[in-house]
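Q: Take a close look at the aromatic rings in this structure. Describe how they pair and what surrounds them.

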Amino acid sequence: MSALAYICDYGSEEETTDSEKEDTENLEKLKLPTPNLSGVSVVLSEEHIDNPSLHSGRTRSFPHIRGNWATFIYVEYPNKGNLFQIIEKLEALVKSVDESCMVCEDVHISLSKTFVLRYHMIKSFTSTLQNVLNNNNSFILNFDSVEVYCNEENTRTFIALGVDALSHAYLNNILKQINTLLDDFKLPTFYENPSFHMSILSVNGNKKDLLLKILNNLYDIFIQQKYILKSENINKVNCKSGNKIYQYCLK
């Protein structure tokens, strides 16, 4: 009798034949080979392994955890066409001293650090943020300088355009209200003495000293090309949480 027949046979022990007993012994001896798992990496379900090589050497400021949403508040620059004409000229000079130079993917002015929202907090936070921003007026944005910054992790160095004094005043007024909201939600506030800027180029690692050596040359290029940039009316503030962007209109 085959093994399948044995499994499907519900007869009594007294009815078991010698052939069936032999089938039973053969099944007991049958063992599957033990798989070799030495080359298999084990990753917990809540863990995400970051690979900087997949995104041009950039690393996360904090580990990805399921249910946590990376969030930040910012002003998006509206007229990128003219801006990138200037960026191309600045990029050529930076690449002459560091070949890792690349154009920043999305140009914006930060109004918060990147912070974490749990999924259940997103609706409450974004709704409250709307109430905070609704009473703010739109303003004119201009730039008047070129700056160099390095992130807190020393993994990226940025070339940025600094805003002028009037733009700074408007942005600082909005920032104070955002910081109050962040504090209410027990979230990290922005830097104490903010330097509002728009990062346009970046290089790998902490190359601040290297880029400061060519800062005057970068500024000269910016001044020569500044006429391309028009004064921009800023009438909204964005909040990006995960892959979703919330837009808040200013008066």
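**Aromatic pairs and their setting**

A: Tyr219 counts as partly exposed, because its relative accessibility is 34% (buried means under 20% relative accessible area, exposed over 50% and partly exposed in between, with a 1.4 Å probe and protein chains only). Phe222 has 0% relative accessibility and so counts as buried. Both lie in helix α7, three residues apart, or about one turn of the helix. Helices (H or I, at least four residues) and strands (E, at least two) are DSSP runs, numbered from the N terminus.

The model is predicted: local features need pLDDT of at least 70 and side-chain atom pairs count only at pLDDT 80 or more, whereas totals for chains, interfaces and linings use all residues. Residues are numbered from 1 along each chain as its sequence is written, and side-chain values use heavy atoms, leaving out hydrogens and water.

Eight aromatic pairs are found in a search of the whole structure. Rings of Phe, Tyr and Trp (its six-membered ring) pair if their centres lie within 6.5 Å; planes under 30 degrees apart count as stacked, over 60 as edge-to-face and the rest as tilted. Phe139 and Tyr170 are stacked, because their planes are at 10°, with ring centres 5.4 Å apart. Phe139 lies in strand β5 (residues 139-141) and Tyr170 in helix α5, so the pair ties together parts 31 residues apart in sequence. Phe139 is buried at a relative accessible area of 3%, whereas Tyr170, at 37%, is partly exposed. The pair of Tyr219 and Phe222, by comparison, is tilted, with 6.4 Å from centre to centre and 40° between the planes.

Ring pairs also link Phe115, Phe125 and Phe185 into a cluster. Apart from neighbours within four places in sequence, Phe125 is in contact (heavy atoms within 4.5 Å) with Ile73, Phe115, Leu117, Leu181, Leu182, Phe185, Leu187 and Cys239. Phe125 and Phe143 have the most contacts inside the largest nonpolar core, which has 55 residues. Helix α5 (residues 165-184) gives the most to this core, with six residues. A nonpolar core is a set of buried Ala, Val, Leu, Ile, Met, Phe, Trp, Tyr and Cys residues joined through side-chain atoms within 4.5 Å.

Phe125 is also one of the buried residues of α4, with Ile122, Thr126, Leu129, Val132 and Leu133. These sit on the same side of α4, because they cover an arc of only 115° around the axis (the arc is that of the directions from the helix axis to the C-beta atoms). They pack against β1 (68-76), β4 (115-118), α5, β10 (236-241) and β11 (244-249). The face turned away from the buried side of α4 carries the exposed residues Lys123 and Asn131.
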